[in-house]
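This report describes the strand arrangement and the ligand surroundings of the model shown below.

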Amino acid sequence: MKALLINPEFPDTYWSFRHALPFEGKRAAFPPLGLLTVSALLPRSWQRRLLDLNVRPLKADDIKWADIIFATAMLIQKESLRRVVERCKAMGKRVVVGGPYVTTTIESLPAADHIFLGEAETTLPQFLQDLERGAARRFYQAEERPPLSATPIPDFRLADFKRYSAMSVQYSRGCPFQCEFCDIIEIYGRSPRTKSNQQILAELDALRTAGWRGSVFIVDDNFIGNKRNVKRLLPELAEWQERHKRPFTLLTEASINLAEDNALLDLMRRAGFRRVFVGIETPVEESLKEAHKTQNTRRSLLDSVRTIQSYGMEVMAGFILGFDNDPEDIFERQINFIRESAIPLAMVGLLTALPDTQLWRRLKQEGRLLGESAGNNTSSTLNFMPKMEPARLVEGYQSLVRTIYSSGEYYQRALECLRRVPQAGDWPQHGSLISSLAALARIALKLGVFDGERGEFWRFLNRAVREHREKFAEAMRLAAMGYHFRKLSEASSE
Ligand code: B12
Ligand code: SF4
């Protein structure tokens, strides 16, 4: 059998990094780990190919080659998925779909032959058996969430490393908290399941022996969701990094209570973590309480960010506007918080009710739902009736993103971040922008010559060189990212 694994296209969003990737000569930020995992669950005798539409377009010959198509999608990819399914069906192929979009969708499902709801570790082997007997069903859903010991090493070699700026691995699924807007806990549950140390180190080994060096994203919903296991993993991970001459720098997602645990922060620093994405959401305590995000109300959020930064990790964060308890001055308060926290990469979005979340159920009961979410919290659309006048909310949102990504504001945060985050010893600069002179030249040309705000760029660079010479590579990476967000904020205001 010949299996074609398709990742549909993403629109331009915060995480697409579309305006920054060309500097590095890359096409996409990360490969689709779900599909690499699905591929590893297929029989060894099958031929397989990965086609990531964010790397290159789908051609009729690709479809012709395949006997069976496996496609994944997040909500945000649903239109591209629909087109993929239609094209493959029109060419008479058997199409299988899965992933977060089909798992949570409320509206009509794509016209695929087989639909997988939830995780596939136990259901895909069942499907393969059914297929062999000629009795494959339309729907597959596991009765229980599988233990991660059932997850094979993803087929990393399917991904064309040259096209991606980072690779991904996953250590755990699920999160113990209960934020009202979150679909993670509905899809992956509230008891975080982890892989064994041996399992995750074998995955990193597979990436290393396949030739990858540089950034690796540990794509957990909350890396510290199961603190006990993480603390057992980190010393071994640090030792693994040393043994292999520190091949990877790591980034992950974690809840803000990370800042309450110095031992954990120290372990993460030693294991090679250099960036962490946290859900801050809002500096307004009443809104955090409304969202049941009480872990964010236990101590000063600004202090927590500073603590994490002091351990050599840049903090990236998510912020939300549109809570019922947001005061009239919410826009200024968010801007001030982002400025004071020195978080260069702040993902600010409008609250969105994802299908079948607690928020979705409450708004439905209150008669405030307007329809299924587009899955992109950084577009200026609302799928529910907010308490604040909608036009004011959307205008305030657009003006906020323009403000925080205006060159002056952004470079100021970037400089403060460089000042606060200590350099990580002699970690090699694999795959960083500075490692490629071509990347450096592209940034200097685009931001320093052709861009209307080139004056701000040179002022930033001048200060970065004078004050943080040893962090020049970081400064250039931040400049490239800032350009992406500025372009995005301009587009979101159109
Ligand atoms: C890594 C990640 C990303 C990466 C994606 C990299 C990539 N190329 O795929 C990046 C950082 C780019 C990203 C971006 C975004 N993401 Co994201 N992301 C994740 C995260 C943290 C992990 C995904 C992952 O790799 N999991 C590991 C694999 C092994 O699990 P999996 O994909 O679920 O696959 C399993 C099953 O679902 C199933 N399966 C999956 N596909 C298929 C296909 C078939 C055929 C079958 C049979 C089975 C199957 O089998 C797998 C094994 O069990 C998830 C959270 C999560 N826990 O999934 C959010 C998540 C998927 N992202 C989400 C969102 C909202 C976004 C953004 C829109 C955020 C934004 N506003 O910018 C953007 C949009 C993308 C973009 N580029 O613009 C939501 C999606 C919600 C939804 N219902 O669709 C999630 C669930 C998190 C959340 N609640 O916020 N994301
Ligand atoms: S901390 Fe993050 S992953 Fe956990 S429930 Fe809240 S929003 Fe979801």
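Strand 11, helix 10 (residues 262-271) and strand 12 form a β-α-β unit that is right-handed, a sense assigned when, with the strands pointing away from the viewer, the path from the first strand over the helix to the second runs clockwise. Helices (H or I, at least four residues) and strands (E, at least two) are DSSP runs numbered from the N terminus. This is a predicted model, in which local features need pLDDT of at least 70 and side-chain atom pairs count only at pLDDT 80 or more, while totals for chains, interfaces and linings use all residues. Residues are numbered from 1 along each chain as its sequence is written, chains are lettered from A and ligands numbered from 1 in the order in which they are written, and side-chain values use heavy atoms, with hydrogens and water left out.

Strand 11 (residues 248-253) runs parallel to strand 12 and is joined to it by four bridges, where two strands count as paired if DSSP finds at least two bridges between them. Within this pairing, Glu-253 stands opposite Phe-277 of strand 12. Strand 12 also pairs in the parallel sense with strand 13 (residues 314-321), over six bridges, and there Gly-279 is set opposite Gly-318. Because nine of the nine residues of strand 12 (residues 273-281) are buried, this strand is largely enclosed by the rest of the structure; buried means under 20% relative accessible area, exposed over 50%, and partly exposed in between (1.4 Å probe, protein chains only).

Four bridges connect strand 3 with strand 1 (residues 2-7) in parallel, with Ile-6 opposite Ala-71. Strand 3 pairs with strand 4 as well, in the parallel sense over five bridges, and Phe-70 has Val-96 as its bridge partner in strand 4. The chain passes from strand 3 through helix 4 (residues 78-90) to strand 4 in a right-handed β-α-β crossover.

Turning to the ligands, 43 residues surround ligand 1, and the closest are Thr-13, Asp-183, Tyr-188, Asp-221 and Asn-377; a residue is near a molecule if one of its heavy atoms lies within 4 Å of it.

| Residue and its atom | Atom of ligand 1 | Distance |
|---|---|---|
| Leu-75, polar backbone atom | oxygen | 2.6 Å |
| Gly-99, backbone N or O atom | nitrogen | 3.5 Å |
| Glu-121, side-chain N or O atom | oxygen | 2.7 Å |

The elements that give two or more residues to the shell around ligand 1 are helix 2 (33-41), strand 3 (68-72), strand 4 (94-98) and helix 5 (100-104), and helix 2 gives the most, with four residues. By class, this shell has 23 nonpolar, 14 polar and six charged residues, where Ala, Val, Leu, Ile, Met, Phe, Trp, Tyr, Cys and Pro count as nonpolar, Asp, Glu, Lys and Arg as charged, and the others, Gly among them, as polar.

Around ligand 2 are Cys-175, Phe-177, Cys-179, Phe-181, Cys-182, Ile-185, Lys-293 and Gln-295, a shell with six nonpolar, one polar and one charged residues.

Methods:
A polar contact is a pair of N or O atoms within 3.5 Å; within protein, one must be able to donate a hydrogen and the other to accept it, and residues adjacent in sequence count only if both atoms are side-chain atoms.
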